[in-house]
Amino acid sequence: MARSQWGSRLGFILAAAGSAIGLGAVWKFPYVTATNGGGAFLFIYLLICLTLGLVLMVSEMSLGRLSHASPVGAFRKNGGKLWALVGYSGVLICFVILTFYSVVGGWTVAYLVDSVTGSLLVHQTDAKAYGDLFGNFIAHPVRPVVYHGVFALLTLGVVIGGVQKGIENLSKFLMPGLFVLLLILILRALTLDGAIDGLLYFVTPDFSKVNISMIVDALGLAFFSLSLGMGIMVTYGSYVSKESDLFNSTLWVIGLTVMTCFLSGLMVLPAVFAFGFNPSAGPGLTFITMPAVFAHMPWGSLFAALFFALLLVAALTSSVSLLEVVVSFLIDEFKAGRRFASILVAVLIFLLGIPSSLSFGIWGDIKLFDKTIFDLLDYATSNLLMPLNEILLAIFVGWVIWPKLEADLSANGRAPAVLPLMKIFLRFAVPILIGAILVHKNFF
C-alpha cells in the first residue's frame, strides 16, 4: 500500500506548525517566561529554537523522509533492531502524553462551553474565586472525565480522516483561525489601561537575571513547544516528498511556532499586568488568572470564549499529531486499517486518561515517588523520556547515518550552507546540553 503524502507544501508546514503550536506555546510559554523574568528568557528561548531546535527538527523530519515510515520503521531501516527501540520509545511517549494531555484538552472544552453559556464569569473578579472554581472542577469525579472523552472524540474525528483529508484539511482551516483569534485578543489586551507595563516586562531583557536554571528552563520549553523527542516530526517527515525543500519548510515551521509563542505572551502578560495579577502564577495563569482578567473587562464572556476557543485549537492540533504517531505505527507495523487503529487507540487513551483525571480528586492520595498519577506521567515523559530520546536521536543521526541525512538534505542541488555546523551540533552540542538538562532537573 502506497504511503500517504501531504497534498501541498503549505499543508505540511501548517500541520507541522500545528503540532508544535500546542498548549506549550499558548498555555505554558507565557507563564514560564513570566516566572523567569520576561525579556531575557524570551531572548534565550528564541536563540535556542533557531539553533538547536532547528537542527533537531530538520534531523527528525529528514529521518522520517529517508524511510517513509513511522519512528520504529525509520530507526530500524537505517540502524537495525537495536536502534528501533528509540522509535518504540517515541511511540510510547506520544501514547502516554496523550492520556493526560487529553485531560487538559477536556478542561479547555469545559471552559469554552462555560464561557459561551456565560456561566464562567458569574463569580467574583478576584483570582482566588477562580482558583476555587478550577480546583472544584478538576476534582469532580465525572465532569472532567466527560470532557476528556469529548476532546478524545474530537481528536479521533480528525485522525480517522487520514493525512490529507483529516490532518491537512484541519490545519489549513484551524491555523489561520488561531492567528486571527490571537490578534483579536492581543488588540484587546494592549488597549487596557496599564497594559504597557506587561508589554515592557515581556520584551525588555534584564540579563542580570540569566542563570543556569533559566537556561535549562529555556532549553526544556524549546524542545517541548517544538514537539521534539516524541517521534511526531519523524512521522510527519515520512509523508514529505523527496522533491520538497525540507530545510526551508522547517524554518517556516519554527518561525510560525516562535511567532505564536511571542504573540501568546503579548496576549496574556499585558492583560495580567493591567489588572494587577501575579504574572508568575504558574499553570494557573490560564484557568485561574485569565478568567479573573476577563471578568474585569466589558464583554468579558465574549473575550473569554475567544481565548478558550484559541486554547482548544492549539490543544487539538497537537493532540492530532500525538495520535497520528501511534496510529501510523499500527498501520506500518501491523498492517492495521486507519479506521480500526484510530478508534482502538482513542478508546485506550480515554480509558487510561481517567486515572489522570481522577488524580486531582478522589484518587489524589494515590502516589508513586511522591507524585500523583498525572504528575508522574508528565514528569516521566517531559523530564526523562523526551530528553533521553533526543540525545539518542542526535547520536544516531550525527554518528550512524549522517551521510544518508546529508544526501537527503542536499537533494536537487539544495545543500544548506549550515550542514557542517549541523553535524557538529548533533555529534557534540546536543548530547551535552540535553544531558545537562537531564542531570540538572533530576539531581539538583
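User: For the classes, Ala, Val, Leu, Ile, Met, Phe, Trp, Tyr, Cys and Pro are nonpolar, Asp, Glu, Lys and Arg are charged, and the others, Gly among them, are polar. With that, how do the residues lining the second largest cavity divide?

Analyst: The model is predicted, to start with. The lining of the second largest cavity splits into six nonpolar, five polar and two charged residues.

User: How many residues line it, and which lie nearest its centre?

Analyst: There are 13 lining residues, and Phe75, Gly231, Val234, Asn389 and Leu393 lie nearest the centre of the second largest cavity. Two or more residues of that lining come from each of α4 (71–79), α5 and α16 (373–400).

User: What is the volume of the second largest cavity?

Analyst: About 80 Å³. The largest cavity holds about 120 Å³.

User: How many cavities of 30 Å³ or more are there?

Analyst: Five. Such empty space shows up when a probe the size of a water molecule is rolled over the atoms.

User: And the largest cavity, what lines it?

Analyst: Its lining has 15 residues, with Tyr101, Phe224, Ser227, Met230 and Ser318 nearest the centre. At least two lining residues come from each of α1 (9–20), α2 (23–35), α5 (81–117), α10 (212–225) and α14.

User: Is serine 227 buried or exposed?

Analyst: Buried. Its relative accessible area is 4%, and the cut-off for buried is under 20%.

User: Which lysine also has a positive phi?

Analyst: Lysine 335, at about 55°, and lysine 335 is not a glycine either. Most residues other than glycine have a negative phi. Lysine 335 is in the loop between α14 and α15 (338–358). Lysine 335 counts as exposed because its relative accessibility is 70%, with the cut-off for exposed at over 50%.

User: Switching to α4. Which of its residues are buried?

Analyst: Pro71, Val72, Gly73, Ala74, Phe75 and Asn78. Among the elements covering the buried residues of α4 are α3 (39–67), α5, α11, α14, α16 and α17 (402–409). Phe75 also turned up nearest the centre of the second largest cavity.

User: What comes after α4?

Analyst: Glycine 80, with a positive phi near 100°.

User: Now pockets. What is the volume of the largest pocket?

Analyst: About 850 Å³. Its lining counts 37 residues, and Trp27, Lys28, Tyr31, Asp378 and Ser382 lie nearest the centre. The elements giving two or more residues to the pocket lining are α2, α5, α10, α13 (284–296), α16 and α18 (419–443).

User: Which element gives the most to the lining of the largest pocket?

Analyst: α16, with ten residues.

User: And by class, what does the lining of the largest pocket have?

Analyst: The pocket lining has 23 nonpolar, seven polar and seven charged residues.

User: Core next. How many residues are in the largest nonpolar core?

Analyst: 161. Trp6, Leu56, Met267 and Met422 have the most contacts inside that core. Helix α14 (residues 300–334) supplies the largest share of the core, 22 residues. Nonpolar side chains tend to be buried together in soluble globular proteins.

User: What does methionine 267 touch?

Analyst: Leaving out residues up to four places away in sequence, methionine 267 touches Val26, Leu182, Leu185, Ile186, Ala189, Phe307 and Leu310.

User: Threonine 250, buried or exposed?

Analyst: Buried, with a relative accessible area of 0%. Threonine 250 lies in helix α12. Its contacts, again leaving out residues up to four places away in sequence, are Leu54, Met57, Val58 and Met61.

User: Last one. Where is aspartate 245?

Analyst: In the loop between α11 (232–237) and α12 (246–274). Aspartate 245 is partly exposed, at 25% relative accessible area. Its side chain reaches the backbone nitrogen of asparagine 248 at 3.2 Å.

User: How many Å separate the C-alpha atoms of aspartate 245 and proline 431?

Analyst: 27 Å, and the two residues are 186 apart along the chain.

Definitions and conventions: Residues are numbered from 1 along each chain as its sequence is written. Side-chain values use heavy atoms; hydrogens and water are left out. Helices (H or I, at least four residues) and strands (E, at least two) are DSSP runs, numbered from the N terminus. Buried means under 20% relative accessible area, exposed over 50%, partly exposed in between (1.4 Å probe, protein chains only). A polar contact is a pair of N or O atoms within 3.5 Å; within protein, one must be able to donate a hydrogen and the other to accept it, and residues adjacent in sequence count only if both atoms are side-chain atoms. A nonpolar core is a set of buried Ala, Val, Leu, Ile, Met, Phe, Trp, Tyr and Cys residues joined through side-chain atoms within 4.5 Å. Contact means heavy atoms within 4.5 Å. On a 1 Å grid over the protein atoms alone, a cavity is a set of points where a 1.4 Å probe fits but cannot get out, and a pocket is an open set with protein on both sides within 12 Å along at least five of seven lines; lining residues have an atom within 4 Å of a point. Grid points are joined across faces, edges and corners, and a volume is the space filled by probe spheres set on the points.
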